[in-house]
Amino acid sequence: QVQLVESGGGLVQPGGSLRLSCAASVSNFSFRHMAWYRQTPGKQRELVAAIRNDGTRDEIDSVKGRFTISRDNTKKTVHLQMNSVTPEDTAVYYCKVEGIDYWGQGTQVTVSS
């Protein structure tokens, strides 16, 4: 059984920062690959950043150098540090256990002045 609870979203001005958190309830968390996705109305959900069980990371080009994914295996949490945000980053952000078809409720991020 999987449960993911995202938090940390909100309204932020362009150029600002936000830190998203995901509390995961899943067996063998430290062995799981985790990821953050985002979705805007009318568009498909897209992968933003991923972190493997060995700690290696990938991000999509549009967020490279601005977003950083991290994990804490002790606390079973995944974070997304978002810096230098732009209006194009506005979306609902979801964390996911890769390989498991389950989505939490997501957290809304709105970038606007």
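Alanine 91 counts as buried because its relative accessibility is 3%, buried being under 20% relative accessible area, exposed over 50% and partly exposed in between, with a 1.4 Å probe and protein chains only. The structure is a predicted model, in which local features need pLDDT of at least 70, side-chain atom pairs count only at pLDDT 80 or more, and totals for chains, interfaces and linings use all residues. Residues are numbered from 1 along each chain as its sequence is written, and side-chain values use heavy atoms, with hydrogens and water left out.

Alanine 91 lies in strand 9; strands (E, at least two residues) are DSSP runs numbered from the N terminus. Apart from neighbours within four places in sequence, alanine 91 is in contact (heavy atoms within 4.5 Å) with Arg38, Gln39, Thr40, Thr107, Gln108 and Val109. Glycine 65 is 26 residues away from alanine 91 in sequence, and the C-alpha to C-alpha distance is 19 Å.

Threonine 77, in strand 8, counts as buried because its relative accessibility is 14%. Its side chain makes a polar contact of 3.5 Å with the side chain of histidine 79. A polar contact is a pair of N or O atoms within 3.5 Å; within protein, one must be able to donate a hydrogen and the other to accept it, and residues adjacent in sequence count only if both atoms are side-chain atoms. Beyond four places in sequence, threonine 77 contacts Cys22, Ala23, Phe29, Ser70, Arg71 and Asp72.

The largest nonpolar core comprises 28 residues, and Trp36, Leu80, Met82 and Tyr93 have the most contacts inside it. Such a core is a set of buried Ala, Val, Leu, Ile, Met, Phe, Trp, Tyr and Cys residues joined through side-chain atoms within 4.5 Å. Elements giving two or more residues to this core include strand 8 (77-82) and strand 9 (91-97).

Note on methods: Helices (H or I, at least four residues) and strands (E, at least two) are DSSP runs, numbered from the N terminus.
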